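This report concerns the arrangement of strands and the salt bridges in the structure shown below.

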Amino acid sequence: MCGIVGGVAERSITNILIEGLKRLEYRGYDSAGLALVSEGQLLRERRVGKVINLDTAVEQSDIHGSLGIAHTRWATHGKPTENNAHPHVSGKIAVVHNGIIENYQVLKQKLQDLGYVFSSETDTEVVAHLIADALKENNNLFAAVEKIVPQLEGAYALGIVHTDYPDELIVVREGSPLVIGVGIGENFISSDQLALLPVTNRFIYLEEGDMARLTRDSIEIFAHGQAIERPVKELDATVSHASKGEYKHFMLKEIYEQPEAIQQTLSQALNGNTLRDDFLKDAEADFSQIKQVQIIACGTSYHAGMIAKYWFEQLIGLPCQVEIASEYRYRSPVIVADTLYVCVSQSGETADTLAALRDTQKRAAANNINIATLTICNVATSSMVRETNHHLLTLAGPEIGVASTKAFTTQLTAFMLLVLKVGQTKQQISAAQLGEIAATLWHLPSVILKTLQFNNAILNLSELFVEKNHCLFLGRGTQFPIALEGALKLKEISYIHAEGYAAGELKHGPLALVDNEMPVVILAPMDDMLDKLKSNMEEVQARGGELFVFADENSEINSKDRQHVVQIPTISTWLAPIVYSIPVQLLSYHVAVLRGTDVDQPRNLAKSVTVE
Ligand code: F6R
């Protein structure tokens, strides 16, 4: 999981950068590096592996500087080698980067045509060369960065230094977290405030699209080219990583962390648009044998499994069943040979899921039936991870809010990666299709970022729910589980009774509930079912129901009387359920806040259900 630390000070900041990187180690990474500006020179060290390797190298070379940037990299584009480790350099410029530059290949080609030579396989290096090129026309580092940023597509955060600007650290936040640590006569940056707690407890949280120029004594922030003030927030000394930061609730923070969380989950599996050679390597023998998949989970994790069923069957033709663990464990299901049992769990400790797993393993062993087990989980040390043959981690970071948000979308991301891996192992997916889906997966963080920009529109809609007692969520195909998930989110944190339905079921019962008082939330991405869904919407309107539609921007569904539409950016049908999770999470969140409930710890619920 990539991490950024940087600073500009009077003193040498070498040790501060190394300590900062160590504090980010828990996020996972495969190489680390730093660059310091000292007496007009750029001093750089990079190492594959642990930060301690970098630390030793830096100690030996004894490099120091009062301006610098550092990075832990989890390889996305290009293998985990020293050459690919950050910072990346172009002449006198050094850059660290979290996130993805989606259009780097086009930019790289242009820069190569201009004579720039690349020394890495990364998407990051284009940023360094672009800045170098922009500086040819304008002798101002900040202006050069400002000029190139509009050319970068994707979700990212950048830290930039230049030897001719020895008191200047430039940062950009566009979809990846970045915080400024405010010191006295020194200032710092990081992707996570945790890294800076040894040097300050005063933070400025940059917003999406912000750029900043830090010197030892000043911090200038710009939004869309205009200077802007952002508040300095002081954290109390006991603050830990489990801090809400600039957010009012953990749930909101976790909703906003999704672009980064998804990107981290992707990083462990993809190298560019192919699967990494080491991704689930040990599971290949099992995957090549399996004839079907059985998913077992509870709650939100079960909804993730429901979507994965569509993917396993439609994308790679592998039969897949999904069942709620509390049912599965007590009905003595037939154990079928050559089945891959997949447990899905944020915590990895959920009692029913764990019991269902143990029971399945016991009965398979007793009857000599060959099965394989795999856990999709957010906690690396959990029981489920330890007790299954294989595991795939969702790298969402700690989820504190009881209502699952980033754990859910990273579970879906992990599931898609699993489907691709199983499909590739069983030769059930072409390299072209795999590459196409991988490219869309990398595109997900930026689509989610764009979707998050509808937060205010969704807040406005939420006001219309405050007085309601009931609500229906409708979707078709992979949006049916999102309808269930939306209803679950709304009921658990706002205490409004909500039901999710497959829209095709409307006429078979729930339509009887629809009247003037019934808000109906519709999930309407661009897919084969859109016309049928539009008919369902008419059925609701004819009975006086009020529609709240999250619709693809090209769906031609527009707002009108008693029909409120939020237009969601277009995304491939495969990944639409991940994107449409965002508006239902935001809607539930805002309704709950307006109703004054305890959003992060709703009544009667616990984060980890370790008892039956
Ligand atoms: C709902 C929610 C729960 C959990 C369920 C399973 O927002 O968080 O429904 O999904 O309790 O928990 P895990 O995923 O830890 O097994």
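**Strand order and crossover**

A crossover is called right-handed if, with the strands pointing away from the viewer, the path from the first strand over the helix to the second runs clockwise. In this predicted model, such a right-handed β-α-β unit is made by β25, helix α17 (residues 530–542) and β26.

Strand β25 (residues 519–524) pairs with β26 in the parallel sense over six bridges, and Pro519 has Glu546 of β26 as its bridge partner. Strand β26 itself spans residues 546–552 and is mostly covered, with seven of its seven residues buried.

**Salt bridges around Arg276**

The whole structure contains 33 salt bridges. One of them joins the side chains of Asp30 and Arg276, at 3.8 Å from N to O. Asp30 lies in the loop between α1 and β2 and Arg276 in the loop between β17 and α8, so the pair ties together parts that are 246 residues apart in sequence. Both Asp30 and Arg276 are buried.

Arg276 also meets the side chain of Asp278 in a salt bridge, at 3.3 Å from N to O. Asp278 counts as partly exposed, at 49% relative accessibility, whereas Arg276 has a relative accessible area of 11%.

**A link between two helices**

Glu284 and Lys421 form a salt bridge whose closest N and O atoms are 2.7 Å apart. Because Glu284 lies in helix α8 and Lys421 in helix α13 (residues 406–425), this pair ties together parts that are 137 residues apart in sequence. Glu284 is partly exposed at 24% relative accessible area, while Lys421 is buried at 2%.

Key:
Residues numbered from 1 in each chain as written. Predicted model: local features only at pLDDT ≥ 70, side-chain atom pairs only at ≥ 80, totals over all residues. Heavy atoms only, no water. Buried < 20%, exposed > 50% of the residue type's maximum accessible area, 1.4 Å probe, protein only. Helix = DSSP H or I, 4+ residues; strand = E, 2+ residues; numbered from the N terminus. Pairing = 2+ DSSP bridges. Salt bridge = Lys/Arg side-chain N within 4 Å of Asp/Glu carboxyl O.
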